Amino acid sequence: MSSSDTGRDRIIEAATRLFAALGYDGTSTRMIAEAAGLNVATVAYHVGGKRDLYLAVMERAHQAERQVLEKALAEMTPDVEGLLTLVDRYVELCVTRPEIPALWMHRWLSDAADVAHLDDEYVRPLMEMVSEAARGVVGDEVDLDFLVWTVVWCTHGFGSGGVLDQHGKRRKLDDPQAVDRFRAHMRRTVATAIGAPAGRAG
């Protein structure tokens with residue numbers, strides 16, 4: 001890997017952390033440069049301006065998400081357990097790559113509103129892939145769009161807000177026990193929505 005590639009990767013990683021934590025609107029190029037240990041001119045040389053950085057971050061996040069979902073869909077059995085295992089895989093993706101739901105949560109709050117094409121370019125194709133795979137498992141009485149979005153909404157919301165324990169502490173994606181409970185809950189939620197037993201957590 002060339003030093004140029006290394007510099008670009010370091011910048012994108014720093015930008016990812018900051019955009020996930022603070023949002024696009026709350027992050028400056030100077031903050032990204034400082035987090036990467038570089039100056040603003042070097043950042044501009046490697047990646048461009050803040051908008052270019054944001055596009056690179058979102059593209060990288062999308063490719064990571066797409067890769068996981070395509071693999072999970074390829075391995076999915078066309079039955080209820082296959083669908084619930086797909087839910088498990090999505091939760092696991094968000095656990096291992098918490099920056100992905102964090103980036104999208106900021107967009108839901110109108111962050112980077114001037115970058116309007118990402119939802120149509122990135123979100124819609126993935127949602128359609130998942131809906132198509134689920135269509136053979138669920139009945140016509142199930143609103144498939146809302147079922148798939150329910151998993152996304154709940155998982156992203158859990159990653160952002162977590163659940164309060166008895167001591168008032170928030171338990172989120174970095175808490176294995178809370179994640180296990182959340183995964184089991186999502187399996188029950190989807191199973192109930194499609195009129196099937198929840199089965200085992202995978």
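This is a predicted model: local features need pLDDT of at least 70, side-chain atom pairs count only at pLDDT 80 or more; totals for chains, interfaces and linings use all residues.
1. Aromatic pairs. The structure contains six aromatic pairs. One of them joins F19 and Y54 in an edge-to-face arrangement, with 5.4 Å from centre to centre and 85° between the planes. F19 belongs to helix α1 (residues 3–22) and Y54 to helix α4 (residues 50–75), so this pair ties together parts that are 35 residues apart in sequence.

2. Surroundings of the pair. F19 counts as buried because its relative accessibility is 1%. Y54 likewise counts as buried, with a relative accessibility of 1%. Ring pairs also bring in Y24, so that F19, Y24 and Y54 are linked into a cluster.

3. Residue E99. Is E99 buried or exposed? Its relative accessibility is 18%, and the limit for a buried residue is under 20%, so E99 counts as buried. E99 is found in helix α6 (residues 99–108). Its side chain makes a polar contact of 2.5 Å with the side chain of R97. When neighbours within four places in sequence are left aside, E99 is in contact with T16 and A20.

4. Nonpolar surface patch. Which residues make the nonpolar surface patch of about 460 Å²? The patch is formed by W108, L109, F146 and W153. With a relative accessibility of 51%, F146 counts as exposed, because the term applies to values over 50%.

Definitions and conventions: Residues are numbered from 1 along each chain as its sequence is written. Side-chain values use heavy atoms; hydrogens and water are left out. Patches are made of residues with over 30% relative accessible area and no salt bridge: like charges are joined within 9 Å, nonpolar side chains (Val, Leu, Ile, Met, Phe, Trp, Tyr) within 5 Å. Accessible areas come from the Shrake-Rupley method with a 1.4 Å probe; for residues, only the protein chains shown count as cover. A salt bridge is a side-chain nitrogen of Lys or Arg within 4 Å of a carboxyl oxygen of Asp or Glu. Buried means under 20% relative accessible area, exposed over 50%, partly exposed in between (1.4 Å probe, protein chains only). Helices (H or I, at least four residues) and strands (E, at least two) are DSSP runs, numbered from the N terminus. A polar contact is a pair of N or O atoms within 3.5 Å; within protein, one must be able to donate a hydrogen and the other to accept it, and residues adjacent in sequence count only if both atoms are side-chain atoms. Contact means heavy atoms within 4.5 Å. Rings of Phe, Tyr and Trp (its six-membered ring) pair if their centres lie within 6.5 Å; planes under 30 degrees apart count as stacked, over 60 as edge-to-face and the rest as tilted.
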